[in-house]
Amino acid sequence: MKKILAFHVATMLGIWLFAAGCAMPTSKSSNGSAACLITNLAIGSGLETTPYLRKLSQSIQKNPNDAGSLIKRGHVYSQLGQQQLAMADYKRALRLTPDDAYLHWSFGWSLFNAGESKEALRHWQLWIDKQKNRPWAADHTLALGFWATGQKFNALYYYDEAVKNNPDKFATKVKLLAYTEFWTRKERAAIEDVFDAWKRAYTVP
């Protein structure tokens, strides 16, 4: 009974997240982070797979060159701690669509959560470079990458740019916490550290 309940709750969570528009941040209403890509996870159910993971695997089985499904499955594997499986999917996707901006954005978040900050930053920079227009989420994402790689001044510069361009999301701690509500703990802790340093270094008392 507990497994059935957990499965139902997780499935409803996945449907809600999907409806909320969790995807690469193409508009300012999107919440661009790794956690948003975890949909339909059977949290606490003890299952070895998830409804969303099964759907993606079926798509890949039908079409091994389905780069979009490989990227999404790689991210889910990453969030489940299956790093070898995640890297295998991402590398396959890179061979198929090396210029896919979404691929580099997604891969960057997975690498960041895996502790591979330098590679995460490199892929986020590729995500930006491979688009005609600069993504609205570029500044705070770069701030996160630079901060994690020890480039503090660069991180604060880009966070300040994020505040200037999107004050409704980054200007105060309350707004930041609201925007990052569904980020992973690692992502949220890092961006809060950036905010705290920015608040001390950039704002005039």
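This is a predicted model: local features need pLDDT of at least 70, side-chain atom pairs count only at pLDDT 80 or more; totals for chains, interfaces and linings use all residues.
Let me begin with the largest nonpolar core, which has 49 residues, and in which Trp124, Trp127, Leu144, Tyr159, Phe170, Ile191 and Val194 touch the most other members. By a nonpolar core I mean a set of buried Ala, Val, Leu, Ile, Met, Phe, Trp, Tyr and Cys residues joined through side-chain atoms within 4.5 Å, where buried means under 20% relative accessible area, with exposed over 50% and partly exposed in between, for a 1.4 Å probe and protein chains only. The element that gives the most to this core is helix α5, residues 101-113, with eight residues.

Residues are numbered from 1 along each chain as its sequence is written, and side-chain values use heavy atoms, with hydrogens and water left out.

Stepping back to the whole chain, there are 11 helices and zero strands, where helices (H or I, at least four residues) and strands (E, at least two) are DSSP runs numbered from the N terminus. Of the 205 residues of the chain, 47% count as buried.

Now to helix α8, residues 152-165. How far apart are its end C-alpha atoms? They are 20 Å apart, which agrees with the 20 Å that 14 residues should span at 1.5 Å a residue, because the expected span is 1.5 Å times one less than the number of residues. Within α8, the buried residues are Ala155, Leu156, Tyr159, Asp160, Glu161, Ala162 and Val163, and what covers them includes α7 (138-148), α9 (167-170), α10 (173-179) and α11 (185-202).

Two of those covering helices also meet each other. The axes of α7 and α11, which are lines fitted to C-alpha atoms over the stretch in contact, come within 10 Å and cross at roughly 95 degrees, with angles running from 0 to 180 degrees between N-to-C directions. That makes α7 roughly perpendicular to α11, since angles of 65 to 115 degrees are counted that way, whereas under 35 is roughly parallel, over 145 roughly antiparallel and the rest oblique. Here His140, Ala143, Leu144 and Trp147 of α7 meet Glu187, Ala190, Ile191, Asp193, Val194 and Ala197 of α11, contact meaning heavy atoms within 4.5 Å.

Finally, Ser69 lies in helix α3, residues 67-79, and counts as buried because its relative accessibility is 9%.
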